Every structure is written in structure tokens, then in C-alpha cells.
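Colleague: I am new to this one. Please show it to me, and then let me ask how you know what you say.

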Amino acid sequence: MILQITNLYKSYRSKEALQDINLILTAGTYGLLGENGAGKSTLMRILTTIDFPTKGTITFDGEDIIKLDENYREMIGYMPQDYTVYPSFTAQNFLEYMGVLKGIPKEELDKKIPEVLAFVNLSEVANKKVKSFSGGMKRRLGIAQAIINDPKILILDEPTSGLDAKERIRFSNIISAMSKDKIVILSTHIMSDIEAISNHLIIINKGQLIEATEIENLVEKVKGKVWEVVIDQEQFNLLSKERNVIRRKQEGENIRVRYVGEPYEGLENQSLEPTLEDYYVSVCL
Amino acid sequence: MKEIVIIEWKKLWHSKLTVLAVVLLIITCIFLNFATFFVFEADSSGRNATIRKEAKGGMLNQEYIDYLIESLDVYELDAAAWYDLLQHESYSNAFQFIGFVKDYSDNQLQDILSNEESFYQQYKMAVSKEIEHANLFNWFSYTAEHMARIDNKIEQIQTPIEVGYNRGIGMFIYQYNTLYVLVLFVISFVLSSIFTCDSPQGIDELTLALKKGRKQNFNARIITGNIVALTIYAIFIGVMLIQHALMYSLQGWGNSLQSYWVTAIYNISLGSGVLIILAHGLLTVLLVTNLVMLISIVIKRAKIATLLSITVVGALIQLTNTSNPLLLQLNPVYFATQRFNSRWGFEFYYFIGNIMIPYTVIVLMLGCLYFFVIRLLTVKQYKRYTLQ
Amino acid sequence: MKEIIKIEIKRIIRLKNLLVIIGFVFMYSIISSINAINQYHVYDSSNQRILSARENLSESKKHQFALDEEMIKDTVARKNTNPHLYNRLVSTLIAANYDVYVEDLSADEIETFYSRWIAATTVNSAKTLSQKDIKSMEEMVARIPVPIQLGYAEGWKNVNDRMVDIVTSLVLITPFLVIPLFAKDPKTNMTDLCTATKYGKKDLTKARIIAGFTIASIIYVIALSIFALTTLLFFGFDGANLPIQSSLHYFFSPINLTYFQQFLWNACIGWAALLTLITLTLLVSVISKKVLTAALVLVFIIAIMILTPMDSNLHYYIGIFFPHNMTNFTNYYASPFMYHIFGSTILPHYMAILVSTVVVSIFTTLTVWISLKSLKQPLK
């Protein structure tokens, strides 16, 4: 199972949303990271054939996904960043609707719906209107519709946006549980979610591919370059001009600072184990 | 308050729906006015639309009557010739006027037109008969005392009347009555979302949480809604006037009211009469505007509020087809569109004892009453309004 | 495809809403029938009721006869002076054929009743026809069986005469229900979700169009059935096979139809008018993409259709095919126009169906094309 993106460009009028994206995706979980407006959602919309590239191709097992048409879409499950369900739909109605559009036969759908609802812990609210759901419940319902056709490719756009910590953890566990033998692409701003779920990271910045590799490799790149100091305001002002500050925390009169790069001279620098966030800030910001 | 009104005004006009509604109103009016022009003014071949703008205007006095007799040989005209003269001839007002008197008189045309004084006496008698006849279709009947009061007013009509070409004004009034309802539909679409919680122009959590977010904000929206409705109405009238001026010219503002509404008993010009009608229309626009905003604040859902507003407006329009005169006279749409029983009538009269009250005054009073009720119901919603 | 159509129908119209519509139609039908029944009371000159509607109608049901020379003679001789419907109908129809009072008819005039009737029918219908069409009209009139069979058919007469209002309402209101098929609510956003599914593009577009037709047809058939059945239950089912010429309204109609056939034609033409407006609505909603915008445009299109003044030429070529005019069923039976296609003469009720078929096809094709274009899917 190989999803290959070759020389992908996407332009909107005067703006280049994506430039020369080249990726080869096999089974695994891919975190898609980037600032707002970087091109993540555009890439996802192209991967789901909602939108089409200006230049370049995307193939699945060697065949163009546009030519594959509904045979390709049969294999995908998609959860967009923003969606609102028809007001009169209950969770059951919504899954029935999506299931039919995904081509699932009625008998199979009747079995699948309770299964996916149970999987996302929404069985008890199957007959409640979706508009009465909390944010977390809506997201879980979004997952339910995305997986109901047992897709080979799962594309989730900011799935944990707006969720509380408990919901995020639950969500991460759901994704992890079903990501075997699938290509899962999930875009998010939340580093801890990527670290928890994904093995691979794709970084896009201003439409360009910055990085596409395993997460371990990236964290290695900043090993020995992550430091922590406690300094006063004056020292902080100097430090922040010369180093990438990742975090700052006010502690009374002093500031506890975490930064990336060469150790700043004259300070009591404490070396720290690097995280993905450290790498991302050092590369992209 | 002024600042909030300006912000709400901008929000409404930034809505694509508002702009589209007004554009569609303008295009529809222009198209229908042209269509009416070509259908009404085409000659017997169905092709050339001709307008005879050169008119013999002036006072319909003895001199004018003599001129008609000599130049047009009126005594020899048959029904078809009368019809032609009424449709296309420059003297159409005068013929309409004379024709009215002829219909109500038992005398021959030669006797009717023998002299000015006798002509106008017969005219005033005809007016009295026509008003009495029209009253048969009303929900109350005039007593002999009432008719005496009316006859007294009829006696005071200043004669001779001033006639002249006024086809442009006549067609403006005709088209105004026909197309007016479109303004009400536009208002329904534009303003039904003003208090809903699911539209960009509506109410949101942020608004309600602010210091001036309820009473002042809501009042500002009511004011804005009325100003927007006024603007739309003004655009409608402007388009109609400009187009009719270009197609027909709007000569005749200074003609007597009786040159168009033959049985009117006011001594005002035709232009003033038109202004009164436009004022009636304005009252209805404001009533419907506030009713739509009440629906919006009660329903709170854009689609349902719009549907209900259109249904209410549609029902009010449909109810003007009733044969029940009382129901008709209570209907705000009837205030505006002046669909009187008789083509000749400008006004009819109520009586309290012997005090004669024109329908226009009743319209004002009813309008105030309706407005008061709507306002009361609307203000009640201010404190109760929630987003659920 | 069937399943997709089903879910789209379910999305647009829930059983609860359908029951509400049915309830309204039922109430309207009952009120309308009660009003119609009241027209059959008979009053004397001092406004006293001398015959109730029930008595009038039940007595009239017992009489079925031909409007032949003998019947005309009896009527002229005032042998039947009772105020019942069947008797008054005979007098009215005879009087309609002449310019004199029925009692003053001579024997010659009675003998030539039908030749006079044929001539009057032809002349009446020929007002707007060319010479060639007048000849066709004469041939049509000659095919109407005479003497005309009279009898009780008040149920069917009332259905056919009064169905105009309900059909027109259905034609003008139902299209608003199907706007959400292609147009989006401001607060609903499922477009991307649906587009990313197997059947979410071409198939969904086709399914939505079929769903639109289906919803409209279901509502139309149910509403019309309720109306017709209610009226017929009030008045009776008799007289379905009587000719439409047995009513005063269509006495001079050159069209050879029974009441039941007329009902079927009216129902078909109404359905055609409805589908025309439905396809126009779908086209408008696929272009505008928003529910309120589509509704606004539709209101204005309907307003333009209703308010556009027409001279007789424009009415002949275009006006008569506007959906709200198509439901003015009298146009097809009393002084009907005639049309010509490739040398053949076509009556207006056939022409209405033909024109609306063409228009429906054009609008449907445009809807599909625009919808797929916006999904960037080429037409296959």
C-alpha cells in the first residue's frame, strides 16, 4: 500500500498554497505539522479529491487517484477541520447517511453503526440530535463516520482541536488502536498528540515541505542543544535576541527559560532531553 | 446609540443577501415596467409603442369644452371612437372626466356640454351617486345625514378642474400598486435574520455579554431595520419614478386631483395625491418591517424566521382578495395598495356622529395601534432573549 | 443509487412534516367542499331557502338523460319547473345556445339545436385561430357525440373546477422544500464530508435531482388524491364518464373528453408544471449554493412570471407555459389555442406537456453540468 505524491503544486489566484511536495506514504501514522495557513488542509483536501492539484500527481499503488475516482474514495475516511451536521440528524441518522454515501450495503451498515458508536463511546447517545453534542462528542462522531467503511487511508484534519485533555487522550488512544495496516494522516498543532500517536512527521511551512521523516530522527537532531536557565528580565532580553526561546515561565522576579541552540555564555545552563517541540521551534520559527 | 446603529447598518448592507435582494428588486421593477410599457402602449399592430406626450392642458372650462366640440366632433363619436380617444389621445383626461359624467347622466352629451356651470353641476351629482354606489360594497352604510355631509364637501370641489397629460403619473400609480408587494418580500428576506442566533447579522454570545448588548443593541437594530426598510422603499420609488419619467415623462403633477381620481373631493393637486399614496405605502412598509423583526426576535432561527415572514406577508397580500370590506380595511397591505372598489375613488369616509373621517386618518390610527402592539411584544422579548 | 435517493428524501422531508402537509390539505379540502356544497342550496326571490343542498343533489343523482329534441321541447314547454339542479342545468344549457328566452324558442330552433351548438362552439373557439385551424376545430367539434348526455357529475365537476387553487399552491410552494438538496444552510457544512465519499460526487448529484422529483411527486399525488377523494366523498363519484360539455362551464368546449379524462389531464399538466418549477429551483440552488439566496431568487422568478403583463401573442407563445399559468386549466378546454409542430396541429394540453418536458430536460442537464463542474468532475 503506497500513496505517492509527486511534484505537487496548488495555486489559488496569486497565492501558491503548495509548492513541489514530494512524499511517499506507506502504512503508519503521519503527523502533519505546520503553522496556520501553511497548506496542511489544502494538502488534505487534495488527498481526498475534494480539490485538485494545479500540477503534479498523486498515485495509490501506482494509479492516479483522480482516475481511480470512486474506487479511491471508497478506501478513504476523512474528517475535516470544520463541519456541521444537518440540524435534524441524530448520531444514528448521520452515520446512516454517511454510510450510504460510502457505499456500505444496508445489512452491513446496520451492524457497523452500533460497532463504531461503541468504539467511540457514543452508543448511549445514538438517538440524540448531533446539535446537542459537546465538542468532544462531535469529534468522536467525526471519527466514527471516518472509520465506518474501514478505510485504508484515514485523513484527520485537526481532530483534537477544541478538546479538553481527557478527550484528547481518549482520542489518541482511539487512533492508535485502529492505525495498524493503515495510512493515517493527522494534522494538528498539538505536539504531544503527534508524539503520542505518530511515528512519522511531515512539516509544511508556507506551502513547502520542510521535513518528512521518522520522529526519532528529528529529535536526535537537537540532542545536546536544549537548555534551561533561570535568569532575570535583563538577561532574558539579551538571551531572547540570540537564541530560540521555546518556553518561559515567570518565577517571582526571575524567569525560567528553555531554549535551543549553543549554550549561552555566562549562565548556569542545564542540559535537557529534547522533545519534538524543541526541534519544531528550532526549525520552523 | 448612533455608533451602534451605524455598525448594524454596515453589517446589514455587507450581507450579500441584502445586496442581492435590492439588486433583484431593481432589475425586476425595470423589467416589469418596460414589459407593461410595451403591452399597454403598443398600437393595434402590436408593434409600435406610442405615447402622445403633447397634451392640451389647462382648465377644463367652457373654452376647452368648445375646443373639444369643434375639433373632435364629439357629438358624432361612437363607442369605439371614445375608446380610442381614451387610450391614446392627448385629451384623455378630459375625455375620462366627460365620460364619467356621461355615464351617470340621463342627458344627452349636447346637454351635458352645453355650458360649464351645468357641466360641473352634473359632475358633482355624478360624484355623489358614485360615492353612494361604492358605499353599497362597504361594511357600513351612509345615512341621509352622512350623504348630506358628503354632498356638502362635494359642493366645495373647486372647478373648473385642471387637466392635461398625466399618463406617466397614472402608469406610475398603476405599477406602484402592482409591484409594491415586492418591497415587502425584500424586507422579509433582508430583516428576518436581524435577531436570529444563527446568522452573521444576528445576535451572538459576544453581543449579549456586553454592557450595551441587550436593550441598547436591540433598540439600535430596530432603528437600523426601519432605516434600511425606508432606504429600500426609497430605492423602489426612485427606480419607478425615474423609469416612468424616461418612458412617459411625469407631466401633470400640477393637475387637479380629479383629473385622475374623478370622484376625489379634496382640492389638492395630483402630485399631492400621489404623495399621500406613497405615505400610505411608507406606513405599511414600516409596519411590515417591525412585524418581521418581531418574528425574528421570537423565532431566532434564520430559515424559519424568513419562511414565517414570507408566509405572513403572503397571507396579508392574499387576504386583500377578500370580499369582506371590514377585513380588507384592517389589512396593512390594503393601506398601501389602494385597491378601492371603484377605479374613480381616492378616499372613502367613516362617520362618528356627523364627523366625517377620511380613511387616511383611520389608516394612521390603525397604523399607530398595530405599531404599538408590535413594539410592546418586541420589547417584551429583550430581557427574555437567549441563544437557545 | 436507490439508497442514496432514499436518504436524501429522508433528509429533506420527515414523516412528521409530511403529516403536517397532509393535515393542511385535508382541512382545506373539507372546508372547500363544505363551501361548495353550500352553493347548491336553492333560494326563492325573498332569499328564503326552498331546497337544501342535500335534497337538491340527492334528487339530481337520480336523473340521467340525453339533451335531445324531446328534452328540449319539454323544457321549452316548461314541463319541468322544479328547482333541482338537473332541471336548472338543462334550461341553462339550452338558454346558453340561444339569444332568446327558452320559452320563446320556436320548433325550427329546437330542431336545429345541435347545428347551432356546433356553429357556436366552433366560433367561440375560433376567435384566435387561423383559417386552417378553424377547419381542424370544426372536425374536432364534429367528433363530439351528440346528443350530449347529461346527468349528475357534481363530484367530478367540483374536483376539476376547484383543483386549480390547490394545484397552483402546490406548484408554487413545493419547490421551496427542495432548495436544501443543493443549497447549504449557513450553519451546516457537510459538503467536504460528502464529497470525500465513494458516491459523494456524480452519484449524489443525480440522486439529489431524482430525490427532488420524487419529493415533489409524492407530495403532489398525496395532496391531489386527498383533495379529489374528499370532494368526491362529499358529492359522489357519479358521472365520471359524462362529457365535459354537460356542464355550463365547458358547454362550448371543442375538446371531446369525459370528466374523469379531464381530471387526469389536469393532474398531468399540474404535475408537469410542478416538475418545471422543481427543476428550475434545483438549478437556482446549485448556482446560488445557499438556502436563503436560492429562496430569494426563486421568489423573484415566480414574481416575474406572475406579474409580467402579456399581450395575446406573448401569452400564446410563452405565457401559457409558465407554471402558474399551466394550472389555469380552463385554457385547455374553453377556446383553446392551437399549435403547430412540423405541420401537425397540436392541442394546448399536449403542447403544455411537451414544452415542460423540454424545459425540464434543459434545466436538469444544466443542473447536473453546473454541479459536476463545481466538483470538477467531467461529465461522462
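Modeller: What follows is a short talk about a predicted model, starting with the interface of chain A and chain C.

Colleague: How many residues does the contact take from chain A and from chain C?

Modeller: Chain A gives 32 residues and chain C gives 28 residues. The two chains bury about 2800 Å² between them. Carbon and sulfur atoms hold 59% of that area. On the side of chain A, A:R73, A:Y97 and A:L101 lose the most area to chain C, together 23% of what that side buries.

Colleague: Why is the pair A:E74 and C:K198 called a salt bridge?

Modeller: The closest N and O atoms of A:E74 and C:K198 are 3.0 Å apart. The cut-off is 4 Å, between a side-chain nitrogen of Lys or Arg and a carboxyl oxygen of Asp or Glu, so the pair qualifies.

Colleague: Which element gives the most to the side of chain A that touches chain C?

Modeller: Helix 4 of chain A, with seven residues. By class, that side of chain A has 15 nonpolar, seven polar and 10 charged residues.

Colleague: Which residues of the two helices meet?

Modeller: C:M71, C:I72 and C:T75 in helix 4 of chain C meet C:V90, C:S91 and C:I94 in helix 5 of chain C. That contact has four nonpolar, two polar and no charged residues.

Methods. Residues numbered from 1 in each chain as written. Chains lettered and ligands numbered in written order. Predicted model: local features only at pLDDT ≥ 70, side-chain atom pairs only at ≥ 80, totals over all residues. Heavy atoms only, no water. Contact = heavy atoms within 4.5 Å. Buried area = accessible area lost by both parts, 1.4 Å probe. Helix = DSSP H or I, 4+ residues; strand = E, 2+ residues; numbered from the N terminus. Nonpolar A, V, L, I, M, F, W, Y, C, P; charged D, E, K, R; others polar.
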